[in-house]
Amino acid sequence: MFCVFSSYGFADGRGISILTTPDRVESLQQLPAFSDDDALSGINEQVSPPFEETELPGRGRGLIANKTLHRGDRIFAHTPILMLDGESFGDLEKKQWLELEHTAANNLPPKTKKMFSALYGRPMTDPVSDRIDTNAFELELDEVVYYAVFPEIARLNHDCRPNAAYFFDKQTLTHYVHAITDITPGTEITITYIDPHMPLQKRLKKLSSLWGFNCSCSLCSLHSELSRASDERLGQIKRINDRLEDWETAPLEMAQTLISLYEQERLHAPRSSAYWYAALISCMQGLYWETIRYARVAIELGLLDYGFRDESFQRMTQLAEEPAKDACWLARLK
Ligand SMILES: C[S@@+](CC[C@H](N)C(=O)[O-])C[C@H]1O[C@@H](n2cnc3c(N)ncnc32)[C@H](O)[C@@H]1O
């Protein structure tokens, strides 16, 4: 049974509406975001944002950096105002979930409701539903998929080679966005809406069908020969990533080639996985300082792409601190 659960007081009066089942909302309420008064301190606060919102030709509103941002600088940290259980779409009649979506939006505190109403919604079904579909991020909590709206972050436009990366912290229900490259003032801040490993035609098709625009980012605008080279690199990245799942038997040069391919492709956030493989293989081979070097970069990038609670982050930290104590180092000595 799906219902709307709303809290006016959540996140210091920002409020939240959640469309889900009673037992799922009960388990969400156990999270520090709801149960620990200090968990959200410093979240949803932005005294002087490092960007300005403006109208951009052919792409609606967007965010332009108003100061130099360095890789790793925080751009946003916000809680959702709406969370919709993915299963509700399959289980309810269209009319029913439309009603529930409206109830969820209407139950928000007035200031928050205004933020939701100001969002752009690609005209498809209904004004509330369109705003949710255009702006929601998919996230998973306790193996349940939710679609969540973060109105401030929803202003970020797409680029296939973005300068910002994001992750979701499940404990505090907080969506973090950080610069993944240095960003100069006057540059638009962008994220990717899709898996950036996809080749050109797949990317164009997905962006046009789901978000209704023809991507004209620098990668999608390359000369056809350069575009072909990019697609070939992406194919090779996929093949190497598949092979490195069995990293224990892979040569270090393979992970180093992956790092280089990611750099050529300007895929900054996913580069962390290549450094992660390079650190593990170096550790297996007893290369002490190489292990630390690769692990440190994997941590720096992984923190921006997976977040600080990711399991691999704990292991990488241990590897960077003391490679000789890690299981991969000890396995070599057996
Ligand atoms: C999440 S909203 C982003 C903010 C939006 N531009 C606004 O005015 O609020 C997604 C919508 O922005 C537009 N958009 C995002 N990235 C774009 C891009 N690279 N080129 C053109 N339009 C883009 C599309 O209309 C898309 O459906």
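Good morning, colleagues. Of the 18 residues around the ligand, those that come nearest are Arg59, Gly60, Arg61, Tyr120 and Asn157; a residue is near a molecule if its C-beta atom, placed from the backbone, lies within 6 Å of it.

Before I continue, two remarks on the model. Residues are numbered from 1 along each chain as its sequence is written. The model is predicted, local features need pLDDT of at least 70, side-chain atom pairs count only at pLDDT 80 or more, and totals for chains, interfaces and linings use all residues.

Let me stay with the ligand. Which elements each supply at least two residues of the shell around the ligand? They are β4 (60–65), α7 (127–135) and β9 (157–158). These labels follow DSSP runs, numbered from the N terminus, with helices (H or I) of at least four residues and strands (E) of at least two. With three residues, β4 gives the most to this shell. By class, the shell has six nonpolar, eight polar and four charged residues. Here Ala, Val, Leu, Ile, Met, Phe, Trp, Tyr, Cys and Pro count as nonpolar, Asp, Glu, Lys and Arg as charged, and the others, Gly among them, as polar.

I turn now to the domains. The domain assignment, which is automatic or from a database, gives domain 1 (3–191) and domain 2 (224–333). Taken over C-alpha atoms, the centres of domain 1 and domain 2 are separated by 30 Å. Ten residues of domain 1 are in contact with eight residues of domain 2, where contact requires C-beta atoms, placed from the backbone, to lie within 7 Å. On the side of domain 1 that touches domain 2, β10 (164–169) and β11 (174–179) are the elements that give two or more residues. The largest share of that side, three residues, comes from β10. That side of domain 1 has four nonpolar, four polar and two charged residues.

Next, the helices that pack with α11. The axes of α11 (residues 271–284) and α12 (residues 288–305) come within 8 Å and cross at roughly 155°. Axes are lines fitted to C-alpha atoms, for helices over the stretch in contact, and angles run from 0 to 180 degrees between N-to-C directions. The two helices α11 and α12 are therefore roughly antiparallel to each other, a term for angles over 145 degrees. The crossing of α11 past α12 is left-handed, meaning that the near helix is turned anticlockwise from the far one by less than a right angle. Among the residues that make the contact are Tyr275 and Trp276 of α11, and Tyr294 and Leu301 of α12. The contact of α11 with α12 divides into ten nonpolar, four polar and three charged residues.

How do α10 and α11 cross, left-handed or right-handed? Their crossing is left-handed. The axes of α10 (residues 252–264) and α11 come within 9 Å and cross at roughly 160°, and α10 and α11 are therefore roughly antiparallel to each other. The contact includes Leu258, Ile259 and Tyr262 of α10, with Ala274, Tyr277 and Ile281 of α11. By class, the contact of α10 with α11 has ten nonpolar, two polar and one charged residues.

Finally, α11 and α13 (residues 311–321) pack at an angle of about 45°, with their axes 11 Å apart. The crossing of α11 and α13 is left-handed. Trp276, Ala279 and Cys283 of α11 make this contact with Ser312, Met316 and Leu319 of α13. Thank you.

Definitions and conventions
Two residues are in contact if their C-beta atoms, placed from the backbone, lie within 7 Å. Angles under 35 degrees count as roughly parallel, over 145 as roughly antiparallel, 65 to 115 as roughly perpendicular and the rest as oblique.
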